[in-house]
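Here is a friendly briefing to read alongside the coordinates. It goes from the overall make-up to single residues, grouped by topic.

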Amino acid sequence: MPRLSLIASCLLGLLLLAVPATARGETTPPWGTGESRGEDLSIWLVTFSPGDDVPSWWGHGSLVVEDARLRQSRLYNYGMFSFDEAMLARFAMGRLEFWVGQSSVAGTFRFYQREDRDVRIQELNLTPEQRVMVAKRLADNVLPENRDYLYHHYKDNCVTRLRDMIDVAAAGQLREADRAPARMTLREHTRRYTAVNAPMSVLLDFMQNDEIDQPITKWDEAFLPDELEAQVASLQVKGADGQSRPLVAKSWNYYASPTRPRPPAEPPAWGPWVLAIGVALGALAVGLAAWERKGSRLARVLLGLENFVLGLALGFPGTALFIMWLVTDHTVTYRNENLFLANPLTLLAVPFGISLMFGGRKARARLFKVWSALAVMGVLGVVLKVLPPFDQDNWRLIALILPISLGMAGGFGLDRVLARLGGSARASAGRGDAVPSLKAP
């Protein structure tokens, strides 16, 4: 993508909920002009299941207003954005602007059906007065002076806006019921929804700080369409007569994918796997360094190549993370403990790795200094976890990256130790130092 780093474009996948585009200019519906009667209106919460591409991994949600008497309906979508260079520039600085759109109900449903994504509908059990209020607010929200808002994936997205609207209609009873503790953190929810792609999941895990590790409530969990759907389905609301009734009058599926699975209920247990990968890469560096000491050109090239690849794979995310902390409004990247593990220093493994492949005389010494510094910082990051401020849930990243740094530092350190021992032995032989004999005189 032009003017956007690879890491920023990857993180963009976390922030965007893809939806079909609609025109902004549409006539005001009858509930926006006061023509609709409450008894003729119905309000639906629509949940669309996750899709295949990164922006759609989270699913999507919308509200529908239907006037049965006047035979009009609209789907209201708080997830609209313009994918252009201006949007990318705003995103890069941490200011992503979304807007509210309205579209054809049938057309939008067919779009998601073609994507093979579930379209699940819940008709809300609201009074006529509440239906008029919700419908009027939705019609007002799409007006030019009201439709734009500053998007935040966890705190203000296309689903939290629906949650807030439903809560107002239910006189605050949804928020009251959602004061209970959430079943997992925002990071754990993120990991379970991104489990469909392990590399991207690890990258997003790396880029985000302890802001998403703090205890949350069920209200906060409703940034996800599936979570809001479940909460609305279970809520009992009290009417003016004091009697409780379900918030959902009825529910049905417009389309149910015969093959697409639901997101996993728990985040994947990848800890042992990432540790195995980290240890294997670190051990490979030690092995290649020992082999290269025997004069193998192939080992030297492979060791340089490993440094080049790891310098790119870890250095670019670390550098992007560092820059995003310093100059952007992406608060979720600030003071990220993963900078102990990978940072701009890691990028130096790229040119030094290339130099090593071509037999650079100083490459080994320089790589030893780089990886030793990274290993020390990584160990420091682990030690500091005894202090309360260092509470980021990044043990998976530690298990992956720290063994690599230790292995690299150990491999090049062994190279230097053996070189010094060899030099000492040659110096001793040159001086003619006697070696005590074990033979009898």
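The protein has 16 helices and nine strands. This is a predicted model, and buried residues make up 50% of its 441 residues. Of the contacts in the protein with a separation of 6 or more, 78% are between residues 24 or more positions apart.

- An unreviewed UniProt entry carries the annotation "transmembrane region" for residues 270-291, 303-327, 339-358, 370-388 and 394-414.
- One of these spans, residues 339-358, is 45% helix and 0% strand in the model, and its end C-alpha atoms are 30 Å apart.
- Residues 370-388 come out at 74% helix and 0% strand, with 29 Å between the end C-alpha atoms.

**Helix H13**

- Helix H13 covers residues 297-327, and at 1.5 Å a residue its 31 residues should span 45 Å. The end C-alpha atoms of H13 are 43 Å apart, which agrees with that expectation.
- At Gly 315, H13 bends by about 30 degrees, and the proline Pro 317 follows within four residues.
- At the start of H13, Ser 296 places a side-chain oxygen within 3.4 Å of the backbone nitrogen of Leu 298.

**Aromatic pairs**

- How many aromatic pairs does the structure hold? There are 10 aromatic pairs.
- Phe 48 and Tyr 112 form a stacked pair, because their ring centres are 3.9 Å apart and their planes are at 15 degrees.
- Phe 48 belongs to strand S1 (residues 41-48) and Tyr 112 to helix H4 (residues 105-114), so this pair ties together parts that are 64 residues apart in sequence.
- Phe 48 and Tyr 112 are both buried, and for Tyr 112 the relative accessibility is 0%.
- Tyr 112 also pairs with Phe 111, this time edge-to-face, at 5.1 Å centre to centre and with 90 degrees between the planes. Phe 111 counts as partly exposed, because its relative accessibility is 24%.
- Ring pairs join Phe 48, Phe 109, Phe 111, Tyr 112 and Tyr 254 into a cluster.

**Val 100 in strand S4**

- Val 100 sits in strand S4 (residues 96-103). Is Val 100 buried or exposed? Val 100 is buried, because its relative accessible area is 3%, and the cut-off for buried is under 20%.
- The C-alpha atoms of Val 100 and Gly 79 are 6.6 Å apart in space, while the two residues are 21 residues apart in sequence.
- Setting aside neighbours within four places in sequence, Val 100 is in contact with Asn 77, Tyr 78, Met 80, Asn 141, Val 142, Arg 147 and Tyr 149.

- His 60 lies in strand S2 (residues 60-67) and counts as buried, with 1% relative accessibility.
- Which side chain does the side chain of His 60 meet in a polar contact? The partner is the side chain of Asn 77, at 3.0 Å. Asn 77 is also among the residues in contact with Val 100.
- His 60 and Leu 224 are 164 residues apart along the chain, yet their C-alpha atoms are separated by 7.9 Å.
- Glu 229 is part of helix H11 (residues 225-234) and is buried, with a relative accessible area of 13%.
- Not counting residues up to four places away in sequence, Glu 229 touches Leu 45, Thr 47, Arg 120 and Gln 122.

**Positive phi values**

- As background, most residues other than glycine have a negative phi.
- Asp 116, which is not a glycine, has a positive phi near 60 degrees. Asp 116 lies in the loop between H4 and strand S5 (119-124) and is partly exposed, with a relative accessible area of 21%.
- Ala 171 has a positive phi of about 55 degrees, although it is not a glycine either. Ala 171 is found in the loop between helix H6 (158-169) and helix H7 (173-177).
- Ala 171 counts as exposed, because its relative accessible area is 65%, and the cut-off for exposed is over 50%.

How values were computed
Residues are numbered from 1 along each chain as its sequence is written. This is a predicted model: local features need pLDDT of at least 70, side-chain atom pairs count only at pLDDT 80 or more; totals for chains, interfaces and linings use all residues. Side-chain values use heavy atoms; hydrogens and water are left out. Helices (H or I, at least four residues) and strands (E, at least two) are DSSP runs, numbered from the N terminus. Buried means under 20% relative accessible area, exposed over 50%, partly exposed in between (1.4 Å probe, protein chains only). Contact means heavy atoms within 4.5 Å. UniProt positions are given in the numbering used here, feature names are shortened, and annotations may be inferred rather than shown by experiment. The expected span of a helix is 1.5 Å times one less than its number of residues. The bend at a residue is the angle between axes fitted to the seven residues ending there and the seven starting there. A polar contact is a pair of N or O atoms within 3.5 Å; within protein, one must be able to donate a hydrogen and the other to accept it, and residues adjacent in sequence count only if both atoms are side-chain atoms. Rings of Phe, Tyr and Trp (its six-membered ring) pair if their centres lie within 6.5 Å; planes under 30 degrees apart count as stacked, over 60 as edge-to-face and the rest as tilted.
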